[in-house]
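User: Hi! Could you walk me through this protein model?
Analyst: Happy to; here it is.

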Amino acid sequence: MLPNSAESNAPTCVEIFPPTPPSTQHEAVKLKGRNGVHDKTFTFDQILPQQVNQSHVYQSCVLPLIDSSLQDGYNATVLAYGQTGSGKTYTMMGNENTVPQQHRDGNKDETEESDVFDDWGVIPRALHDIFARLEEEKNNPNNQSFKFEVNLQCVELYGEEIRDLFTTSSSKPTTVKIRDSGESEPEVIGARTVTVSSHKEAMHYIMRGMSHRVVASTNMNAVSSRSHAITTLKITQWTQQNTQQLTRPDDTLANLIVTAATEKDQVEVRHSKIHLVDLAGSESLKRTQAEGE
């Protein structure tokens, strides 16, 4: 319960029950009905207490999704949902003061690539792991043909608009559109996509993009995110399946994909997307007294 809810003598409406083996391996949440009537119980894979650190949240809830995306090519989505002040942005981004200045400025030389800070949230930890694993595979002497490309996109949903947070405009983010032809995956038309080669370069773009996000002061939070922010990683991995060198070492990924199209039995190209979403507060307007467009 948030401090302001406790101070207002709000009644307890949620009870959490640990797993009770062998009947179940899931934790349960009971939503209490009025006067104990019509209680509803929901089960979850995990319920984490507020005392857990950022590393535990990432290792238990997000890392398995990163594994399946990189190893098997599955798409994955992580959503941070909850009311204003519950810690969504902190969970996704971490404490801004622990994100080194070179991440914001794009300077790659002041810290080691292996540095991980305790207060890092899901997004910087995921980027760190993704690039560490891709670089490890690239440097594997038994897989010298491996190449990869990571593209990054960041948009926000504010009201009825979709805005590009990677806009080059100095005023406000550019409004973009979603196109769904029904024949392929829906795509955001007009949003800028950047190719990044390290987690520091990616964090530089994300920190700059998040600075364009709509925030405002409300009755529940002095700095409240008023939009949904969606960070999307598009990962392409290319692996040659035999010892014959099909292309020159300096070939671009685009050329490699062309090679894959002509010699499908010798080349594997794996595509995956990872969406990392920081939603706006889920509470009603009556509680926040938020104003604006």
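Analyst: Below we go through some helices, a surface patch, a loop residue and some salt bridges. This is a predicted model, where local features need pLDDT of at least 70, side-chain atom pairs count only at pLDDT 80 or more, and totals for chains, interfaces and linings use all residues. Residues are numbered from 1 along each chain as its sequence is written, and side-chain values use heavy atoms, with hydrogens and water left out.

User: Great. What span should helix 2 have, and what does the model give?
Analyst: Helix 2 covers residues 54–72, and its 19 residues should span 27 Å at 1.5 Å a residue; the end C-alpha atoms are 26 Å apart, which agrees. The expected span is 1.5 Å times one less than the number of residues. Helices (H or I, at least four residues) and strands (E, at least two) are DSSP runs, numbered from the N terminus.

User: Where is the kink in helix 2?
Analyst: At valine 62, shortly before proline 64, and the kink is about 50 degrees. The bend at a residue is the angle between axes fitted to the seven residues ending there and the seven starting there.

User: Which residues of helix 2 are buried?
Analyst: They are Gln54, Val57, Tyr58, Val62, Leu63, Ile66, Ser69 and Leu70. Buried means under 20% relative accessible area, exposed means over 50%, and partly exposed is in between (1.4 Å probe, protein chains only).

User: And what do those buried residues pack against?
Analyst: Their partners are strand 4 (76–80), helix 3 (88–93), helix 5 (122–138), strand 12 (228–240) and strand 13 (267–278). After helix 2 comes glycine 73, with a positive phi near 80 degrees.

User: How many residues of helix 6 are buried?
Analyst: 11 of the 12 are buried, so helix 6 is largely enclosed by the rest of the structure. Among them are His199, Tyr205, Gly209 and Met210. Helix 6 runs over residues 199–210 and reaches 16 Å from its first C-alpha to its last, close to the 16 Å expected.

User: Switching to the surface: which residues make the nonpolar patch?
Analyst: Val14, Ile16, Leu31, Phe42 and Phe44 make a patch of about 420 Å². Strand 1 (14–17) and strand 3 (40–44) each give two or more residues to this patch. Patches are made of residues with over 30% relative accessible area and no salt bridge; like charges are joined within 9 Å, and nonpolar side chains (Val, Leu, Ile, Met, Phe, Trp, Tyr) within 5 Å. Accessible areas come from the Shrake-Rupley method with a 1.4 Å probe, and for residues only the protein chains shown count as cover.

User: What is leucine 48 in contact with?
Analyst: Leaving aside neighbours within four places in sequence, leucine 48 is in contact (heavy atoms within 4.5 Å) with His56, Val57, Ser60 and Cys61. Leucine 48 sits in the loop between strand 3 and helix 2.

User: Last topic: how many salt bridges are there?
Analyst: Six in the whole structure. A salt bridge is a side-chain nitrogen of Lys or Arg within 4 Å of a carboxyl oxygen of Asp or Glu. One of them joins arginine 179 and glutamate 187, at 2.7 Å from N to O. Glutamate 161 also pairs with arginine 163, with the closest N and O atoms 3.0 Å apart.

User: Is arginine 163 buried or exposed?
Analyst: Buried, at 6% relative accessibility, whereas glutamate 161 counts as partly exposed at 30%.

User: And glutamate 268, which residue is its salt bridge with?
Analyst: Arginine 270, with the closest N and O atoms 2.5 Å apart. Elsewhere, salt bridges that share partners join Glu156, Glu161 and Arg163 into one network.
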